[in-house]
Amino acid sequence: MLTWLVLIMLVLLLLGFPMMVPLAVGMLYMMFTGMTFFGPDQAVSWMISGVGSWVLAAVPMFIFAADILTKGHTANRLLDLVDSFTRHLRGGLPITTAASCALFGAVSGSTQATVVAMGGPMRPRLLAKGYSDHFTLALIINASDIALLIPPSIGFIIYGVVMKTSIGDLFLAGILPGLLILVMFAIYCYIDARVKGIEPEPRASWGERLKALRRTILPLGFPVLVVGGIYGGFFSAVEASAVAVAYALLLEVVIYRQVSIRDLGGLALSTGMITAVVFILVAIGAAFSQTLGTAGIPEQILGPVIDHIGDNQVLALSLIAAAFFVGCMFVDPIVVILILVPIFKPLVQSTGLDPVHVGVIVTLQAAIGSATPPFGCDIFTAIAVFRRPYLDVIRGTPPFVAILLLATLILILFPQISLLLPSLGGD
Amino acid sequence: MSQQQLSEDKKTPGRDNGFIRALGGLNLVLGAIEKWIIIICVLAMALLMSGHVVGNLLFQQGIPGTYEVTEMFIVVITFVGVGYAARHSRHISMTAIYDQLSGRLRKALLIVLCLGTAALMFYFAYKSVDYVVTLQERGRTSAALGIPMWMVYLALPIGFTLAGIQYLLTTARNLVSQDIYRSFTEKEEYDELPEEDPDLSHTDDDNRRDA
Amino acid sequence: ETWRFGLEEIEGSVQHGYAEEFKRLIEEKSDGDVTVQLLPYGKWGSDYSTLYDAIQSGSIPIGFGSGFLGGTVPESQLMSLNFVMPEDQLETAKILNSDAFMKSDAWQQAYRNRGLVPLAALPEGYQVWTANREIRTPEDIENLQIRVMDNSLLRATYEAYGASPITIAYGELYSALQQGQADGNIQPVFAHEEMGFYEVQDYMIFAKQSQFVANLIANLDWYEGLSEDQQQMIEETTDELVQIGHDIQSKFNEERLETIKEKGNIEIIELSDEEREQFRELAEPVRQTFVDDVGELGEQALNTLLEQVESATGGSAQ
Ligand code: NA
Ligand code: NA
């Protein structure tokens, strides 16, 4: 029966049905064949509770803030700033893109928002400089993943809730791994530019840099306001998303006047649509995962493997990373976190692993997953935003995925990279 | 970014008939309703959440019910948005195989996809009507403000029905016209690369020039 | 036959301990005719209302409903009214499970109107305050930003004390307490321990103003479809479980409190009778808010409960 389930879902997916269809049909298949005692009535209840959650409110709000900033000046100003420091380096422009994505990740909670906000303005610059389209797309998609590790991050929020781990600690833990990946991407971009023989641009003068800095003082207030507000105890991580919207409006509507009140309707609509496209998968994915859970399938598959792990921490972490990596190749990362975290929770406890460190590994896999074929939210966002065919979008991803897997290995072997900041920031 | 695609309508060859035009009228009305529900919910949600934060900071008093109303907004945006996203063929799918096909085969597959998805949407609409009716009978209310939950959850049958209608309309459009339509109003095409055709403007271009 | 039993809490919790005993007794009494299958939190979903949906639709015929049940059975909020139950926890368990209260028309009808039957009540320990300042009197709690569930009755209660109730999602609560977005928090002892809230608070205050009560509920049609013997069996079991449930919760909360004392740096305060009296006076008008909110059945249930408490304690030991 399990074989049929996988087969049916795979066929529906490959035929090109909207992703909600294979998830829903898979769920209904389990219900109608009696693999679970729940029926479709319960599915409706699960779908609603899957999205009717306060914590998820951060997603549309950060996307809305990003939409406002992209429509206005802020996104470009941030890019100009980084550009003025990096353009004379070999591979300067792609490095700028990667760094800007990380920087924007400090503002936005979601990788998709980063694809839209940073990819939009950077892609034409990269193409004009002679970088290929598939390198450009892969860079944007993968660099946006760093946003999931740099706080605030949806991945951490959901992991924290499911694992019952301090979200604040998770946020702190994500910063160094995020920077590590940024550095690794930068090295790759440098080597890539060298190999392709793309010449750097002349160095920006300090005058230009200062000018760019002055132009970004207000936009740079973003991370200060959002992160400072959370750690200063003024508002929670979810509430910070609404503060981000308010600040974006203040900047773009009141101060820069790049966005008019009338534009807001269109921006809200596009935010609502991206939200719906992702959240319907969260809703049906939640119902699917509950059905899968009540049918006892993940235990069936993972149980025997977990039994063999014993208390070997590196082995346990590798298994967790592998399971999330494979899971995220096929299913939305948020759904994967919801399904797999409860299954691995006992393993984490019995091996004495730090749940915060596990959270970093899991969230990194979720990030990689959103950019890894065959299925990935970032890939789909890029398809939607740039309107390029599927194969073009994924062609350039393998080197980036390889780098991210290397980063995973480093983090598994050196948990200090994740745990240093929380241990300093804790009580 | 999707609204501009609506203009593609004009390029449709003359095989459009009264039937399609009548459907088009209905479609416009439904689209406007979906659109305004989504806009109002997103804006109201931003307003409510930031108002709550400001209230907490300035007056030590947030807005009662912010949590549950925000959750209700998400539910409405998600499920009404399912219809709106179907209208603009934005639902995420894996098109690697579909992209390899062309001509009749491609169109046939698209019609299969639309009919199958429509069937699922109508099934969910039917199931969620059941759920809404049951909740109405049991009188479930929200904890802080006592809002009857069935009213909020009406978003499910409405959204699923509208999405089902969209997939049927897309089928109808593809059956009567020569070109391939990803949705009722949007013809299928990808953007050109910007370097090849700088004049083919994209919404984000304005920002780019400012730099 | 198999009876599925949905818990709001994870394995190793008070509800789980109670449910295990329930399972043991029922399987014993039925001579193996009935198997009870326990479904802890996460097994049926992660949002309490989906559990209540499952109980109401019958896919899970038995389960617990506590603080969140208010949206489904508004009268159940009676359990979160302050200074209504006796101070003594075992006494409370006995009164709530007495025929006079549990079988009263008002309490039964409130649930039956929503397709449910109340079978028993499991008090899981006092609702304990924590705060970053010392609290002994209503003056101390003045303007304290204390986190409550987003629930009109709890809000009214803490406003009556003079505090500023603030709503924060459970998942965000630890950070909010740590960063000072909230100054205080109300939970049963085990939750303070489980979620580590005590690590980021300075004082833990036992005002014994209310207890965390889980209602054992069943699907109405399912229950009516049981044989008389089976209904009788459930009744015997829940009767036996009054004392057992109390023992489970006291032991559990004592152990958790020990952990908090060992690991944490938190001062534990127990209010004196005089101090409690001041809070009790402020809480009394909130009973009217409850009646206004939920209506006649709620009022009758409240009066029944007060009568039982009165006759059990002579009106003194509340
Ligand atoms: Na982020
Ligand atoms: Na993926």
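Predicted model: local features only at pLDDT ≥ 70, side-chain atom pairs only at ≥ 80, totals over all residues.
Local features need pLDDT of at least 70, side-chain atom pairs count only at pLDDT 80 or more, and totals for chains, interfaces and linings use all residues. Residues are numbered from 1 along each chain as its sequence is written.

Visitor: Why is Val358(A) called buried?

Guide: Buried means under 20% relative accessible area (1.4 Å probe, protein chains only), exposed over 50%, and partly exposed in between. Val358(A) has a relative accessible area of 2%, so Val358(A) is buried. Val358(A) lies in helix H18 (residues 355–371) of chain A; a helix is a DSSP run of H or I with at least four residues. Between Val358(A) and Asp169(A) there are 12 Å in space, C-alpha to C-alpha, and 189 residues in sequence.

Visitor: Why does Glu296(C) count as exposed?

Guide: The relative accessibility of Glu296(C) is 59%, and therefore Glu296(C) counts as exposed. Glu296(C) is found in helix H14 of chain C.

Visitor: Which residues form the negative surface patch?

Guide: Asp292(C), Asp293(C), Glu296(C) and Glu299(C) form the patch. Helix H13 (286–294) and helix H14 (296–313) of chain C each give two or more residues to the patch. Like charges are joined within 9 Å, and Asp and Glu count as negative.

Visitor: What is the make-up of residues 267–288 of chain A?

Guide: The span is 100% helix and 0% strand, with end C-alpha atoms 31 Å apart. An unreviewed UniProt entry places a "transmembrane region" at several spans of chain A, including 267–288.

Definitions and conventions: Chains lettered and ligands numbered in written order. Heavy atoms only, no water. Patch = residues over 30% accessible without salt bridge, like charges linked within 9 Å, V, L, I, M, F, W, Y side chains within 5 Å. Areas by Shrake-Rupley, 256 points an atom, 1.4 Å probe, with all protein chains shown as cover. Salt bridge = Lys/Arg side-chain N within 4 Å of Asp/Glu carboxyl O. Charge placed at Lys NZ, Arg CZ, Asp CG, Glu CD. UniProt positions renumbered as here; feature names shortened; annotations may be inferred.
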